[in-house]
Amino acid sequence: MLNRIESYYDAVPRSSARAEDFGPLTFFVREGADGWPFYARPALGRPDGATAADVERVRARQRELGLPEAFEWVAETTPGLRAAVEASGLVVHEHPLMVLEGEPLAVPEPEGARVLALAADDPRLAAAVAAPYAAFGATPGPADVERVAARIGAGLTVLVAGFEETGGPGGSGGAALAGGQVQPVGDVAEVVGVGTRPEARRRGLGLAVTAALVAEARARGVGTVFLTASDAAVERLYARLGFRTVATALIAEAPAP
């Protein structure tokens with residue numbers, strides 16, 4: 001399973017980034033001025049062997065391009081990288097890596113809300129993209145919405161959102177309360193960016209959105225769905241859907257100034 005996830009991690013950025021080879025490390029560089037500033041990670045098929053000098057070479061390239069000095073990898077598949085990353089001065093954060101291989105446990109649709117997947121041209125898309133940003137105190141720009149729409153249109157991303165129900169049962173003309181995305185590559189998909197607006201929390205929207213994302217992935221032939229929980233509390237929440245922790249995702253970044 002971890003080998004399938006490693007292959008996924010190597011494949012998924014390539015739809016919108018170029019890969020630069022640094023021996024035991026690969027640095028994914030976004031194409032164009034907009035888009036997600038990708039990270040570096042272990043080169044596929046070379047699970048260990050990176051030194052602090054290798055890490056510093058990548059960091060120098062990241063600084064040259066004005067991009068975050070960021071690395072992501074799985075502790076169990078590349079156990080030696082942490083020491084090299086920390087020796088270079090980066091700070092490493094641990095997050096539970098969780099997998100759902102069967103169907104998610106049933107969750108009721110939140111009272112007073114509708115949860116549904118959106119097409120690229122849906123007029124509610126901007127509001128749906130903004131809902132998870134609001135969960136973390138941020139606001140997307142027009143380019144962020146355009147990028148999500150393009151990925152939906154290309155079949156690279158599925159976006160699911162929860163809306164306040166208006167106009168009677170079945171209506172979804174109200175505000176976007178929560179949202180998230182799933183990105184299938186072959187028979188593996190990662191659930192990312194699930195978030196609920198602060199004023200709409202504790203209504204079960206996050207679990208309902210996640211369950212709907214899993215259903216969308218399954219409908220596209222995905223067998224393995226995984227996600228990274230931000231902390232132990234979120235880990236317990238996803239465990240209620242049937243996700244189980246199989247490894248530790250590590251994210252390294254420069255220390256705060």
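Thr 26 touches Ala 19, Glu 20, Tyr 39, Ala 40, Arg 41, Pro 42 and Ala 43, leaving out residues up to four places away in sequence. The residue sits in strand E2, which covers residues 25-30. Thr 26 is buried: its relative accessible area is 7%, and the cut-off for buried is under 20%. This is a predicted model.

**The chain as a whole**

The chain has seven helices and 11 strands. Its radius of gyration is 19 Å. A compact globule of 257 residues would have a value near 18 Å, so the chain agrees with that expectation. Along the principal axes, the C-alpha atoms fill a box of roughly 60 × 35 × 35 Å.

Of the 257 residues, 47% count as buried. The accessible surface comes to about 11,600 Å². Carbon and sulfur atoms hold 54% of that surface. Among contacts with a separation of 6 or more, 68% join residues 24 or more positions apart.

Charges come next. The chain carries 24 positive and 32 negative charges. Their mean positions are 1 Å apart.

**The nonpolar cores**

In soluble globular proteins, nonpolar side chains tend to be buried together. Here the largest nonpolar core has 28 residues. Those with the most contacts inside this core are Val 182, Val 191, Val 209, Leu 213, Val 225, Tyr 238 and Phe 243. Several elements each supply at least two of the core residues: strands E5 (91-100), E6 (113-118), E7 (158-164), E8 (176-185), E9 (188-196) and E10 (224-228), together with helix H6 (205-219). Which element gives the largest share? That is H6, with eight residues.

Val 182 shows how the contacts run. Beyond its neighbours within four places in sequence, Val 182 is in contact with Leu 156, Thr 157, Val 158, Ala 189, Glu 190, Val 191, Leu 213 and Ala 217. Two of these partners, Val 191 and Leu 213, are also listed among the core residues with the most contacts.

Another core lies apart from the largest one.

**Residues in strands**

Thr 224 is placed in strand E10. Is Thr 224 buried or exposed? At a relative accessible area of 5%, Thr 224 is buried. Setting aside residues up to four places away in sequence, Thr 224 touches Arg 4, Val 99, Leu 100, Glu 101, Asp 187, Val 188, Ala 189 and Arg 218.

Glu 94 is found in strand E5. Its relative accessibility is 51%, so Glu 94 counts as exposed, given a cut-off of over 50%. Outside four places in sequence, Glu 94 is in contact with Arg 82, Thr 248, Ala 249 and Leu 250.

**Residues in loops**

Pro 37 lies in the loop between E2 and strand E3 (40-42). Pro 37 counts as partly exposed, at 24% relative accessibility. Its contacts, not counting residues up to four places away, are Arg 30, Leu 67 and Pro 68.

Gly 141 is in the loop between helix H4 (125-135) and helix H5 (142-153). This glycine is partly exposed, with a relative accessible area of 23%.

Arg 202 is found in the loop between E9 and H6. Its relative accessible area is 87%, so Arg 202 is exposed. What is the phi of Arg 202? Phi is near 65°, a positive value in a residue other than glycine.

**Separations in sequence and in space**

| Pair | Apart along the chain | C-alpha to C-alpha |
|---|---|---|
| Gly 141 and Ala 113 | 28 residues | 26 Å |
| Glu 94 and Arg 18 | 76 residues | 26 Å |
| Pro 37 and Arg 218 | 181 residues | 28 Å |

Notes. Residues are numbered from 1 along each chain as its sequence is written. This is a predicted model: local features need pLDDT of at least 70, side-chain atom pairs count only at pLDDT 80 or more; totals for chains, interfaces and linings use all residues. Side-chain values use heavy atoms; hydrogens and water are left out. A nonpolar core is a set of buried Ala, Val, Leu, Ile, Met, Phe, Trp, Tyr and Cys residues joined through side-chain atoms within 4.5 Å. Buried means under 20% relative accessible area, exposed over 50%, partly exposed in between (1.4 Å probe, protein chains only). Helices (H or I, at least four residues) and strands (E, at least two) are DSSP runs, numbered from the N terminus. Contact means heavy atoms within 4.5 Å. The radius of gyration is taken over C-alpha atoms; the globule rule is 2.2 Å times the number of residues to the power 0.38. Accessible areas come from the Shrake-Rupley method with a 1.4 Å probe; for residues, only the protein chains shown count as cover. Lys and Arg count as positive and Asp and Glu as negative; His and the chain ends are not counted. The place of a charge is taken as NZ of Lys, CZ of Arg, CG of Asp or CD of Glu.
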